[in-house]
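Here is a short briefing on one protein chain. Keep the sequence and the 3D view open while you read.

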Amino acid sequence: LHSCQQLGLADEALEYLELMKHLGDDDDGKVEGGRDSRGRQRKGAKQPLRGPDGVAYRLAISACARAPGGHRWQDGIHLLKEMKLRANETTDCAPDVVAYTAAIAGCSEAGEYTSAMSLIAEMRREGIRPNVVTFSAVINACASAVGRRREEGGDRGSTSTGLAYVRAPMMRALRLLQAMQSPKSSVRPNIVTYNAAIRACAEGLNLNGAFDLLRQLKEDELKPTIVTYGSLMTACERVGDIEAASKVFRMVKEEEESRDIIGEDDDDQENQLQVNEIIYGAAISCCRKAQQPERALLLLRKMISEELSPNTATFNTVIAALSEGGKPDDSMASSTNNDDLLWEKALAVYKVMNSKHAPPGVTPNRQTYNILIRCLSANLQPGYAESMLIDMRKAGFVPDVDLYTMTVRSYERCGSPMKALRMMEAMREVGYDFYEIKVLDEAFKNGVKVLNRIGKGLSSSEVGDDDDIIDRGEGGVSYAMGEEIIDFDEDDDYQLIDSLK
C-alpha cells in the first residue's frame, strides 16, 4: 500500500485494501495453540491481521489523491466515509487529520474546491483541527478550479460576469489565506501556502495580486522558492506581460546572487534558486501572447546555451510565435530573398528539432507539423509546405485534409495550378477524395482548364507560370510530375486528367 501511495496507483491500492478486509474470515479469533487472540497479548508480540487499520486507509486515500489528473478524488472521499463506519467496530480506524488532508489533496488535484471546503467544515464538526498542510491543500484546490474555469473559456468573454465566475475560487483562497494571517489564527501560512495562493492569482489573471503575495511572504520572513517565481512567471504568461516577466527574471538572478554572497547552500532542490525549464517555458509563452516572436526565439537560445533542456512543447511554442508573428504577403517579389522573414526562422527551429543537437526526447510531433504547414501555406511557400507534408507522413502522422487544402490554395495563389493538381494526387494516395471538397474541386477544374489550353497550343505564359512545364514542341508538351517527366500529345491530355482522377 505504501508503494501504491508513492506511485499514485489508485486501482492497485484499492485492490490490496479489499484483500485486507477478508483477513481473518477463516478463523474465529484463535491462533496457534488454541489461545484466544481477542485479549491483549504481551507488548511487542505479533498481532494477527484482522482487516485494514487506519494506516492502511490513509495510504489508500493518499494513493487515490495522487492518481494522475485527480480523477480518483471521489474514491478517496468514499474511503473516508468507510473509515467512519469501521470506527464503530475498532478505534484505530477513526479518521484523523492525516486522512482528511489526504482526501482534500485529491480534491486539490481535481479542482473540486467546494468539496475541499466541505471537508474542512466536516473536520471542525468532528473536533479535528486542520493543520497548515490541510489549508494549503484547500487553497491549491481553489487554484486548480480557477485554472479549469479559465480553460473552459470563462475569461474570454468581454463581460465582467465571466471573469468574476473564473475568479470566484481565487477569492475563496485569498479569504482563507487572510484568515490564516489573522493574529487569532493558530495556524500560520508557510511558503507552500503562499505558493498555492500565488498560483490561484496566476490562474485568475490577477498579476498585481500575485506580486502582492510575494511582498507579504517576505514580510512574514519566508524565503521565495523556485516554485514561487515559477508561479509568478505563470501569472505574467497568463496576461502576456513581457515587462513583468523580465522583472521576475531579474528578481531570480538578484536573489540567487544574494544567497551566493551569504553562502547559503540548500540541499533541497525545490529551494535552490536557478532559472529552470518551467520559468523559461512560461516566459516563452508570454512572448508569444505579447506577439514578440524574436524574444521567444532569444529565450530558446538562452535555454540551450545554459544547458537546460527545452521539451517539444517549448519548441512548438517558439515555432507558433514565429508563425503568428509573420505577416503573409500576397506579393511574390517581396516574399523572396528576405533573410529576416519569420517563417524562415520557424523552419530553422524545426531543423534543430530534427538535428543531433536537439535535447533528449525532443522530436517534431503532429502539432509541430500543423503549425509549420499552416504558416508556410499562408506565407505563400507551398513548396516548403508540401515538403512538410511529406516529412509528416514519414514521421507516421496522417495529415488532416485542411493541411492539403491550404497547400493547394497556396499553389494556386502563386500561379502554379499544375502543382496544385499534383498535390491533389498526393491526397488521393492517402485516401482523401478532393471531389467532396469545394475548394479542391474548383482547383481541379482550374487545372483541367490549364491542360486544355496547353493542348490547344497556347503558350505557357498565357496560362500562368508553372515550373512543372518543362518543354514544348510542335507535337505537344513535356510535363514533370514528381521525378517523372510525362510526354503527351494534344490528344493525350485527357489521359493525364484520368490518371489524376
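Predicted model: local features only at pLDDT ≥ 70, side-chain atom pairs only at ≥ 80, totals over all residues.

A residue is called buried when its relative accessible area is under 20%, exposed when over 50%, and partly exposed in between. By that cut-off, Arg 150 and Glu 203 are both buried.

**Confidence**

- The average pLDDT of the chain is 79. A score of at least 70 is reached by 73% of the residues.
- Residues 31-35 have a pLDDT below 50. Beyond near neighbours in sequence, this stretch makes four contacts in the model.
- Residues 154-158 also stay under 50 in pLDDT. The model gives this stretch nine contacts beyond four places in sequence.

**Salt bridges**

- How many salt bridges does a search of the whole structure find? The count is 17.
- Asp 96 counts as partly exposed because its relative accessibility is 24%.
- Arg 150 and Glu 203 form a salt bridge through their side chains, at 2.8 Å from N to O.
- Glu 237 and Arg 238 make a salt bridge with their closest N and O atoms 2.5 Å apart. Is Glu 237 buried or exposed? Glu 237 is at 7% relative accessibility, so it counts as buried. Arg 238 is at 22%, so it counts as partly exposed.
- A network of salt bridges links Arg 150, Glu 203, Glu 237, Arg 238 and Lys 289.

**Helix H17**

- Helix H17 covers residues 366-378. At 1.5 Å a residue, its 13 residues should span 18 Å, and the end C-alpha atoms are 18 Å apart, so the two values agree.
- At the start of H17, a side-chain oxygen of Asn 365 comes to within 3.2 Å of the backbone nitrogen of Gln 367.
- Leu 380 follows H17 and has a positive phi, near 55°.
- Which residues of H17 are buried? They are Thr 368, Tyr 369, Asn 370, Ile 371, Leu 372, Ile 373, Cys 375, Leu 376 and Ser 377.
- What do the buried residues of H17 pack against? Their partners are helix H15 (312-325), helix H16 (342-354), helix H18 (382-394) and helix H19 (401-413).

**Aromatic pairs**

- The structure has four aromatic pairs.
- Phe 249 and Tyr 280 form a tilted pair, 5.3 Å from centre to centre with 55° between the planes. Phe 249 is in helix H12 (residues 242-262) and Tyr 280 is in helix H13 (residues 277-289), so the pair ties together parts 31 residues apart in sequence. Both Phe 249 and Tyr 280 are buried.
- Tyr 350 and Tyr 369 have ring centres 5.8 Å apart and planes at 65°, so this pair is edge-to-face. The pair links helix H16, which holds Tyr 350, to helix H17, which holds Tyr 369, across 19 residues. Tyr 350 and Tyr 369 are both buried.
- Ring pairs join Tyr 350, Tyr 369 and Phe 397 into a cluster.

Definitions and conventions: Residues numbered from 1 in each chain as written. Heavy atoms only, no water. pLDDT = per-residue confidence, 0-100. Contact = heavy atoms within 4.5 Å. Salt bridge = Lys/Arg side-chain N within 4 Å of Asp/Glu carboxyl O. Buried < 20%, exposed > 50% of the residue type's maximum accessible area, 1.4 Å probe, protein only. Helix = DSSP H or I, 4+ residues; strand = E, 2+ residues; numbered from the N terminus. Expected span 1.5 Å × (residues − 1). Polar contact = N/O pair within 3.5 Å; in protein donor to acceptor, adjacent residues only side chain to side chain. Phe/Tyr/Trp six-rings, centres within 6.5 Å; stacked < 30°, edge-to-face > 60°.
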